[in-house]
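Dear colleague,

Here is the structure I said I would pass on, followed by some notes on what was found in it.

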Amino acid sequence: GVGDEGVKALGQGLSNAHALTSLEWNFGNCWRVGDAGVKALGQGLSNAHALTSLEWNFGNCKGFDDAGVKALGQGLSNAHALTSLSLNLRCGVGDEGVKALGQGLSNAHALTSVSLDFRSCGVGDEGVKALGQGLSNAHALT
């Protein structure tokens, strides 16, 4: 199965995809994907300025946690054109990762659609509150 090395390569490729508008990847059950791979994806996202739609499934990928999701949040902070976001993060993520995700999404003013799945995660009130604060800037949400 896919592991960190493969996902790192995808992240590196993403860093040069300046005109990319839509991205859908399914990493479900990829237990070999860890923080290093997810961090590389987050770094790659930081250059995807034209991205309008992002759908990533990390369902049951138990190899990464808050550190990886923090990098995703940082990458999303530059996704000003993002209108649709769907993330399945049924993994080891907790409040710290979701807080960073909320901070990153605070710049996504064009968001009209958000779907987040945190089942089986360690996310509590603190993380969800921070996520809500970040999404409060998305005035186009329907």
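By the ring-pair rule (centres of Phe, Tyr and Trp rings, the six-membered one for Trp, within 6.5 Å; planes under 30 degrees apart stacked, over 60 edge-to-face, the rest tilted), the count comes to five aromatic pairs. Trp56 and Phe58 form one that is edge-to-face, at 5.9 Å centre to centre with 85 degrees between the planes. Phe58 and Phe64 are also edge-to-face, because their ring centres are 5.2 Å apart and their planes stand at 75 degrees. Ring pairs link Trp25, Phe27, Trp56, Phe58 and Phe64 into a cluster.

Please bear in mind that this is a predicted model, in which local features need pLDDT of at least 70 and side-chain atom pairs pLDDT 80 or more, while totals for chains, interfaces and linings use all residues. Residues are numbered from 1 along each chain as its sequence is written, and side-chain values use heavy atoms, without hydrogens and water.

Both Trp56 and Phe58 are buried, as is Phe64, where buried means under 20% relative accessible area, exposed over 50% and partly exposed in between (1.4 Å probe, protein chains only). Leaving aside neighbours within four places in sequence, Phe58 is in contact (heavy atoms within 4.5 Å) with residues including Phe27, Val38, Leu41, Phe64 and Leu72.
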